[in-house]
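Good morning, colleagues. Please look at the sequence and the model as I put them on the screen.

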Amino acid sequence: MGRNLRFKNGLIGWSFVLLSVVLISVFYFYPMASALLLSFQSGTGRNLEYVGFDNYLRLFNDPTFITAVKNTVIYLIIQVPVMIFLALLISVLLNDKKLMGKGWFRTAIFLPCVTSLVAYSVIFKYLFGTDGLINVMLMNMAIVSQPVQWLTDPFWAKVTIIIAITWRWTGYNMIFYLSALQNIDNSIYEAAKIDGANAIQRFFIITIPMLKPIILFTSITSTIGTLQLFDEVMNITGGGPGNSTLTISQYIYNLSFKYTPDFGYAATVSYAIVVLIVFFSILQFKAAGDKNA
């Protein structure tokens with residue numbers, strides 16, 4: 001009787017999750033496995049042949065791929081820490097009970113992350129154009145004597161991309177920090193005030209340690225998003241000038257649809273992103289002191 005009951009309960013449980021398991025397997029695991037098999041093949045269209053690890057060996061001798069990796073890592077090590085710190089700082093300011101109009105400020109800062117990727121990228125392209133609003137303002141304020149080549153200079157093009165993705169995603173991370181801050185007991189801050197700790201000391205000694213799990217979470221999700229960066233580069237600079245802003249995801253697109261189609265090698269490059277994500281995620285877990293990483 002007990003065995004039949006356990007079997008019945010198990011059957012009921014599986015009936016609830018079976019559809020989800022099937023859908024996840026069909027739309028996630030099967031494409032991942034297919035892409036992995038594809039990465040060991042080469043050719044165009046359906047004329048594919050197995051080449052073993054040739055595609056993976058090709059990565060290390062591909063100057064365009066190496067350039068794309070360098071660019072993507074530059075975005076990662078500069079933009080992600082800046083964005084995380086800004087989101088943390090803004091969330092602390094907007095968590096102040098004495099601040100008037102908190103709801104308006106929170107909405108205004110969060111709005112960029114719900115805008116269309118293509119739409120805001122095109123707007124940034126016009127804003128940072130040679131005759132764009134940014135150059136007009138800088139010249140009117142006598143900060144620069146001639147227009148800054150935001151989109152055609154390799155250095156400034158990277159800066160433009162970093163500004164764009166920071167503008168869009170800071171508010172997204174801010175929401176996580178605000179939610180976490182509201183769960184910290186205010187008596188901890190009151191006790192610190194009594195002990196003579198100022199606002200800066202409370203921020204670094206109390207706020208940051210208390211938000212450590214959320215900071216780790218947002219750092220990893222931001223790392224994953226940056227390593228997959230595509231829309232901004234594609235629509236603002238097109239990967240130029242001279243591949244100076246090219247990302248790994250854009251290179252995958254180029255290999256599949258812009259150059260002579262090479263889906264096998266494109267799949268190989270896509271798995272390079274997987275390796276980088278795993279590497280940087282483990283690195284961040286170790287930096288955060290997670291013993292299970």
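In which helix is the place of isoleucine 206? Isoleucine 206 belongs to helix H9; helices (H or I, at least four residues) and strands (E, at least two) are DSSP runs, numbered from the N terminus. This is a predicted model, in which local features need pLDDT of at least 70 and side-chain atom pairs count only at pLDDT 80 or more, while totals for chains, interfaces and linings use all residues. Residues are numbered from 1 along each chain as its sequence is written, and side-chain values use heavy atoms, with hydrogens and water left out.

Let me begin with confidence. The protein has a mean pLDDT of 89, and 97% of its residues reach 70 or more; pLDDT is the predictor's confidence in each residue, from 0 to 100.

I return to isoleucine 206. With a relative accessibility of 11%, isoleucine 206 counts as buried; buried means under 20% relative accessible area, exposed over 50%, and partly exposed in between, with a 1.4 Å probe and protein chains only. Isoleucine 188 is 18 residues from isoleucine 206 along the chain, and their C-alpha atoms are separated by 8.0 Å. As a second example, phenylalanine 16 sits in helix H1 (residues 2–38) and is exposed, at 66% relative accessible area. Phenylalanine 16 and valine 114 are 98 residues apart in sequence, with 32 Å from C-alpha to C-alpha.

The largest nonpolar core holds 37 residues, of which Phe65, Leu211, Ile248, Tyr251 and Val269 touch the most other members. Such a core is a set of buried Ala, Val, Leu, Ile, Met, Phe, Trp, Tyr and Cys residues joined through side-chain atoms within 4.5 Å. At least two residues of this core come from each of H3, helix H7 (154–181), H8, H9, H10, H12 and H13. H3 supplies the largest share, nine residues.

Now the pockets. On a 1 Å grid over the protein atoms alone, a pocket is an open set of points where a 1.4 Å probe fits, with protein on both sides within 12 Å along at least five of seven lines; lining residues have an atom within 4 Å of a point. Grid points are joined across faces, edges and corners, and a volume is the space filled by probe spheres set on the points.

The largest pocket holds about 820 Å³ of space. Its lining consists of 23 residues, and Val92, Asn95, Asp96, Tyr189 and Arg202 lie nearest the centre. Two or more lining residues come from each of helix H3 (63–94), helix H4 (102–110), helix H8 (186–194) and helix H9 (199–210). Which element gives the most to this lining? That is H9, with six residues. By class, the lining of the largest pocket has eleven nonpolar, four polar and eight charged residues. Here Ala, Val, Leu, Ile, Met, Phe, Trp, Tyr, Cys and Pro count as nonpolar, Asp, Glu, Lys and Arg as charged, and the others, Gly among them, as polar.

The second largest pocket has a volume of about 350 Å³. Of the 15 residues that line this pocket, Val80, Ile215, Ser219, Gln284 and Ala287 lie nearest its centre. The elements giving two or more residues to this lining are H3, helix H10 (212–227) and helix H13 (263–287). The lining of the second largest pocket divides into eleven nonpolar, three polar and one charged.

How many salt bridges does the structure hold? The structure holds one, a salt bridge being a side-chain nitrogen of Lys or Arg within 4 Å of a carboxyl oxygen of Asp or Glu. The partners are aspartate 262 and arginine 58, at 3.1 Å from N to O. Aspartate 262 lies in the loop between helix H12 (248–258) and H13, and arginine 58 lies in helix H2 (residues 54–59), so the pair ties together parts that are 204 residues apart in sequence. Aspartate 262 is buried, at 12% relative accessible area, whereas arginine 58 is partly exposed, at 36%.

Finally, the backbone. Glycine 240 and proline 241 are joined by a cis peptide bond, with omega about -5°. Proline 241 is placed in the loop between helix H11 (231–236) and H12. Asparagine 243 is found in the loop between H11 and H12; although not a glycine, asparagine 243 has a positive phi of about 65°.
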